[in-house]
Protein chains: 4
Amino acid sequence: MSQHLNVDPLEELSKQLENDHLGPLWETLGEMVTKEPTHSMKPYLWKWQTIRQHLLKSGELLTVGRKAERRVVYLQNPSLKDKVGFATETLYAGIQLLLPGEVAPSHRHSQGAIRFVIEGDGAFTTVNGEKTYMEEGDLVLTPAWTWHDHGHEGTEPMIWMDGLDVGMVKNLCGSFFELFDEETYPVKGIPDGTISRFAGVGVRPIADRKGKDGYPSPLINYKWDNVKKALEELSQLEPDPFDGYAVDYINPTNGQSADARIGCTMQMLSPGMHTQGHRHVHSVIYHVKKGSGYTVINGEKYEWSTGDFFVIPPWHWHEHGNTGEEEAFLFSINDRPVMEMVGLEMEEVYEKNNGFQEVERIFQP
Amino acid sequence: MSQHLNVDPLEELSKQLENDHLGPLWETLGEMVTKEPTHSMKPYLWKWQTIRQHLLKSGELLTVGRKAERRVVYLQNPSLKDKVGFATETLYAGIQLLLPGEVAPSHRHSQGAIRFVIEGDGAFTTVNGEKTYMEEGDLVLTPAWTWHDHGHEGTEPMIWMDGLDVGMVKNLCGSFFELFDEETYPVKGIPDGTISRFAGVGVRPIADRKGKDGYPSPLINYKWDNVKKALEELSQLEPDPFDGYAVDYINPTNGQSADARIGCTMQMLSPGMHTQGHRHVHSVIYHVKKGSGYTVINGEKYEWSTGDFFVIPPWHWHEHGNTGEEEAFLFSINDRPVMEMVGLEMEEVYEKNNGFQEVERIFQP
Amino acid sequence: MSQHLNVDPLEELSKQLENDHLGPLWETLGEMVTKEPTHSMKPYLWKWQTIRQHLLKSGELLTVGRKAERRVVYLQNPSLKDKVGFATETLYAGIQLLLPGEVAPSHRHSQGAIRFVIEGDGAFTTVNGEKTYMEEGDLVLTPAWTWHDHGHEGTEPMIWMDGLDVGMVKNLCGSFFELFDEETYPVKGIPDGTISRFAGVGVRPIADRKGKDGYPSPLINYKWDNVKKALEELSQLEPDPFDGYAVDYINPTNGQSADARIGCTMQMLSPGMHTQGHRHVHSVIYHVKKGSGYTVINGEKYEWSTGDFFVIPPWHWHEHGNTGEEEAFLFSINDRPVMEMVGLEMEEVYEKNNGFQEVERIFQP
Amino acid sequence: MSQHLNVDPLEELSKQLENDHLGPLWETLGEMVTKEPTHSMKPYLWKWQTIRQHLLKSGELLTVGRKAERRVVYLQNPSLKDKVGFATETLYAGIQLLLPGEVAPSHRHSQGAIRFVIEGDGAFTTVNGEKTYMEEGDLVLTPAWTWHDHGHEGTEPMIWMDGLDVGMVKNLCGSFFELFDEETYPVKGIPDGTISRFAGVGVRPIADRKGKDGYPSPLINYKWDNVKKALEELSQLEPDPFDGYAVDYINPTNGQSADARIGCTMQMLSPGMHTQGHRHVHSVIYHVKKGSGYTVINGEKYEWSTGDFFVIPPWHWHEHGNTGEEEAFLFSINDRPVMEMVGLEMEEVYEKNNGFQEVERIFQP
């Protein structure tokens, strides 16, 4: 009876609500609507040597059958370890090994996908029948719900990065997948026709003028030489304060992101360059195309060199530095296109300390 | 040594990958990319009597201060119980009680929000200075990042439904919140000016022609009489096979969803009407505005009557029946606008058994 | 020989250029690129009594056959008399008489067309199979390249205004015309289904959600009662300084102009109201739906009463006054949608003399 | 009195209508709404030698002052001789001579303008402060209402083509013109920065990502080498049946026409190539960048060689042939962007005679 007197009627109401699968907003509003983005995701950095070594090992172990088709080692953000394949809350990155003569049969899925070639050449990707050969540094699109397959006509192993919006589609419960009836989709036209159609800046074949809603991009292979040249030319101008010399990969028929949902960006940092800090809602997976340097994320320094991968969570301060003697190139994918579609993108400049965070600690994997 | 022989080298590789925060795609691809949407969310139905009773109790207990401003009982989907406030993976619904003389101070947040009035009148909402009075059946918008406050000039308690895209914004890590400097935002023009500006079908004041990108909707209160009349007129035509007579609430300046991310729909089911089954990627929270009937969801029958709430998860078969003697009205919110923006919406018609699922069981809360 | 000395070599060059169908820009630049719009078009006003009398006469004379189908008297701007049917450089207005039992066979043309009902009822218009009955004050759309026919099931003569962008299409050399294979296009659904589908403000049937690019408008009849009510409600707010209480007719699925190229507007001027002067690039044809007053155009006063038509040329100052004892209603069509598409619309406010032009003379037809 | 009996009452009505500035549609409908585009415009071809000779003569005669700034010889279509500067109903082309050291002071106008460089180098154009040097074959944009000026730092005369939509703006009564306060607009950044920013295919600087509505194009100089390379690559694929290998110049931020209203196209015809006939509503001004061949227009053969200009009126059959031993390059401007905005574009393929018109006569200037 005295116990009874001690019962807080609000607590009792909360318990009753819980029983009835209801909740008391007066207790939990702060969890649902936060002043700034809150989440459990943390930054992380993976060394290339570690990834590569495991990947080559998988090449020895997985030699035939369905498993070989999936010979991919992917980033598993330790702060999101219950979510299989999440590098960020929205994005996935895998590193794939394809051996000469191997085939990844034609299929399609509602996830968008991009490929960034890390090592080798001679492999090809076919997208809705457009066949393109992959060389180091190329960005190849296999947009959501397009039929695509890969093969390898070369003589050496090929390694590339797969970027998919696995988390985005998972969170939105929109995953669909289909295998094509045949192993490969019939090839249309000449190989690399997509590149031949878009070989000039600011011009578009008249055939791509009509009856197009812009999806998917008719250009599916963005060659490295071309992107590198663009950055070198751009470096005659003022760099972006936060990202140095940087370009987005775009769909040439509408100027939008090359993949409709996955933003792709290449940055070039001059030797000694140290960019100013800022933060934004969209999250990013970085792959160091070439060079060495560091990125300070919320006060922690992540040192990187060629091949490494690292991730920047939403609304985390970050700034980049190049400590090498040559230009550093950072390739990255992000979920900015979706954030802008839905109106949730925000950005804030780091104003304190002349725009540079104080480094509190150095990341050790 | 004999142990050593037993170690599967692939298992060992998997363990090493796990240590290095990497993952083996050959083991987990099926979890990331599924043939059809897979998720843990289940349907559920909440009886109005239960909700209302708890809400009134909270009105007795929370009488002053900050907690009273949040006098809201919300749906907590038992299948998503670790995610506070999730009725679906993207949407939240709360039932709010505002007593005469109370005020909810002006604030804004990046979540979109709608209000659907269940009981009472005399309360008002102010959106960026536009003041509108709320009556039963009205839909009132407080779009993302607009300043809004509520007050109550009437004499009886008011109850309304709040619909926010809490899960959507949470999953995308985009929550921002700000309190306005003062308790209320200064009122512009006359109360209900928004309604006076849009009092005709198919016409728009010339002042709303210029310099508008369509966000937010200049019309913030969609009166019940008007929507009811629209449905009665519509009922002279063929009903939609899946939803009966149904209208979307739209922004009159661009024809898009009234709230840019939260779809709002009102359906009218004639007595005896039983719609055909279908499923789609977008999820839905239903509130029974009036009437009695049932919804069959993936073979389970959910019986509803006036005031009840229920949810339909992504990619679940569903069909509706009206067992009452009068028209039934179902109000619902959904995440279809976002699904369409990002290109993930799909729909499938239930073809078997003349379009009607076999009912395997009847839901009991 | 002495003559020869007198020849200006520049004049000689000009002559040679002319012979070779070339021109000297140094002589003519000022004609091509002017500081402000220059054109030969002037304002004009037509009295309703005059139009109506001639129209009824034509009804007596044209009783059978193809000519009866075209029983239309149109405005011929005297300043554009070499351009058949030009009321402005872009727009045409005709006043049509349809007698009971008559039919205008189904056809389509690339000109956009609107109908505004002046007298009578019982006639109908069918647009791509949607049939709608016409009553006084209704605006009925027959958008470019849609099949349309008219008939008359009533007992009294009907008179309506036809508005087409004849000049626009002529100048752009884009006129196409086709007769339908049969006299009438098969009617779909119930008459006035278009009105039943859009009977509520801010709501849209879900059937009109999918697979629509917004052209043509699914709503084809904008009822007068509805528009009048919208203006009465609007009159609780501040009037537009230049146009009083005014609404544009819009396509409810995209918020754009009801006819994609021909803007349609209804204005209400309160008794005694005198609006401020301004000018814009788009031109306008006005029809006085009801009331009496005047419009000052570039310093000349045009006095109007019920039924009259008048035109405002591009870039002409204009202001309106209501001298009657009741609200005046002005219906108008304009080419603003095209001007905005192509980026040529400009507007300037009349600042002198408190915004009111000095009246230099009064127009006499 | 007997005379009186002879008066046709319809004729009398027509006269009365004319007196009252009204018109009888039953007499004139066929003039306003035609089955197919009708207009008085005819094709024409101007020989380069003739143009150039007159232009150089003008260079001798106009040496100082305002006239020198306008040292332009323009095409005056003999079928449109009452419309000053009309090469087609919508488009103007002038051939401009700028001598070393000369300046065309900064100004802006509502007409869109493009420049195509025919001879020389060393001149520059500045657009809203972006300075770019002009070389043979370059396309330089000076979009509508942007401040622009030209100067010449080279040592030899420069000749380029000016393309403006003079007729379009004239017909729509939208001409505005302003001189800048100073002779030249202050230069921003480095010369040819516009080219450096867009030096890669399918990539865009991140600075051009934000806050842009796509107008005007941030790329203002489309270099000839780049376009030529694009066409050479394109020639590995199937040619367009009507235009050979052809590219549109586009705004890289939105994929739309480089100039919002004036379409610009470069075609390459292989030796011996003879394209199939078709016709469309948009009109075209052609300039032969290089090569020799012919174009058959409505049965008349127009033979062209390097430097010539010719025009194709709306809805005229046309097909092209290359009679030279090398690739022929045809640059052209058109009004297709506007035709598509307003929904008047139509196209028809010439089906008879395997797609080739019978040549009835050969054009002689």
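Q: How far apart are the nearest C-alpha atoms of chain A and chain C?
A: The nearest C-alpha atoms of chain A and chain C are 11 Å apart, and the two chains do not touch. Contact here means heavy atoms within 4.5 Å.

Q: What kind of model is this, and how are things numbered?
A: This is a predicted model, in which local features need pLDDT of at least 70 and side-chain atom pairs count only at pLDDT 80 or more, while totals for chains, interfaces and linings use all residues. Residues are numbered from 1 along each chain as its sequence is written, chains are lettered from A and ligands numbered from 1 in the order in which they are written, and side-chain values use heavy atoms, with hydrogens and water left out.

Q: And chain B with chain D, how far apart are the closest C-alpha atoms there?
A: The closest C-alpha atoms of chain B and chain D lie 11 Å apart, and no contact joins these chains.

Q: Which rotation superposes chain B on chain A?
A: A rotation of 180°, with 0.0 Å of shift along its axis, superposes chain B on chain A at an RMSD of 0.0 Å. That is the relation of a two-fold axis. The same surface serves both copies, since 100% of the contact residues of chain B recur in chain A. The superposition is by least squares on the C-alpha atoms of residues with pLDDT of at least 70 in both copies.

Q: What about chain C on chain D?
A: Chain C is superposed on chain D by a rotation of 180° with 0.0 Å of shift along its axis, again with an RMSD of 0.0 Å. Of the contact residues of chain C, 100% recur in chain D, so the same surface serves both copies.

Q: At what angle do helix 2 of chain A and helix 4 of chain B cross?
A: The axes of helix 2 (residues 9–19) of chain A and helix 4 (residues 48–61) of chain B cross at roughly 165° and come within 11 Å. Axes are lines fitted to C-alpha atoms, for helices over the stretch in contact, and angles run from 0 to 180 degrees between N-to-C directions. Helices (H or I, at least four residues) and strands (E, at least two) are DSSP runs numbered from the N terminus.

Q: Parallel or antiparallel, then?
A: Helix 2 of chain A and helix 4 of chain B are therefore roughly antiparallel to each other. Angles under 35 degrees count as roughly parallel, over 145 as roughly antiparallel, 65 to 115 as roughly perpendicular and the rest as oblique.

Q: Which residues make that contact?
A: P9(A), L10(A), L13(A), Q16(A) and L17(A) of helix 2 of chain A meet H54(B), K57(B), S58(B) and L61(B) of helix 4 of chain B. By class, five are nonpolar, three polar and one charged. Ala, Val, Leu, Ile, Met, Phe, Trp, Tyr, Cys and Pro count as nonpolar, Asp, Glu, Lys and Arg as charged, and the others, Gly among them, as polar.

Q: How do helix 2 of chain C and helix 4 of chain D cross?
A: Their axes come within 11 Å and cross at roughly 165°. That makes helix 2 of chain C roughly antiparallel to helix 4 of chain D. The residues making the contact include L13(C) and H54(D).

Q: Changing topic, how many salt bridges are there over all chains?
A: There are 96 salt bridges in the whole structure (a side-chain nitrogen of Lys or Arg within 4 Å of a carboxyl oxygen of Asp or Glu). One of them joins the side chains of E136(B) and K289(B), at 3.4 Å from N to O.

Q: Where do E136(B) and K289(B) lie?
A: E136(B) is in the loop between strand 8 (130–133) and strand 9 (139–142) of chain B, and K289(B) is in strand 18 (residues 284–290) of chain B, so the pair ties together parts that are 153 residues apart in sequence.
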